[in-house]
Amino acid sequence: MIFSLLPDRLAGGVRKLLIASTAMGSMGPAHADTIPPPDIETQNRTTVRAAFEKWRAGGNIFAELLAPDVVWTIHGSAPVAGTYRGVEDFVERASAPLISRLATPLVPRVHHIWADGDTVIVRFDGSATTTSGAPYRNKFVWIFLMKNGAVVEAEAFLDLAAYHAVVENNEPRSQ
């Protein structure tokens, strides 16, 4: 008889202990000045969204968003595909050849920004007019690895044939 009551008593004691510990844990710290750590995903998503809004308004996305030593990889098999080390390398060899052949700024239209920890993925379209007057339209997916609010690694997926056609078939703007 005693042995049959023991499990019930233990179960009741364990139940009380669980209830008490749950209540204590939900009370939180006693200090009113304790602030929970910021949500890194929300911070990263907000940083990237603000940069794209600035870009859409005519600002320079690379100056503020990219770490100076960013490693940027463009995937594909066109001549521009490859890995660039540092903002200067990326701008000179990948961005400038395209941008110099556009008569109007490349304007992004963001479809979605996803964040998972330090990784941010941006799906957007870009459009502009080339120096020959033809439209340039492309679809992009950029994947960023963020550290301290800056992109330290980037991967870019885009229609490289469209990029290459602009570079090959349009004269650079005169400075």
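**Salt bridges in the model**

Arginine 93 is partly exposed, with a relative accessible area of 46% (buried is under 20%, exposed over 50%, partly exposed in between; 1.4 Å probe, protein chains only). The model is predicted, so local features need pLDDT of at least 70 and side-chain atom pairs 80 or more, while totals for chains, interfaces and linings use all residues. Residues are numbered from 1 along each chain as its sequence is written, and side-chain values use heavy atoms, without hydrogens and water.

Arginine 93 has a partner. Its side chain meets that of aspartate 89 in a salt bridge, at 2.5 Å from N to O (a side-chain nitrogen of Lys or Arg within 4 Å of a carboxyl oxygen of Asp or Glu).

Another one joins the side chains of lysine 147 and aspartate 118, with 3.1 Å from N to O. This pair links distant parts of the chain. Lysine 147 lies in strand 5, and aspartate 118 in the loop between strand 3 (107-116) and strand 4 (119-129). They are 29 residues apart. Lysine 147 is partly exposed, at 41% relative accessible area. Aspartate 118 is also partly exposed, at 27%.

Next comes arginine 123. It forms a salt bridge with aspartate 125, and their closest N and O atoms are 2.7 Å apart. Arginine 123 is partly exposed, at 22%. Aspartate 125 is buried, at 14%. Shared partners join Arg109, Arg123, Asp125 and Lys139 into one network of salt bridges.

Terms used: Helices (H or I, at least four residues) and strands (E, at least two) are DSSP runs, numbered from the N terminus.
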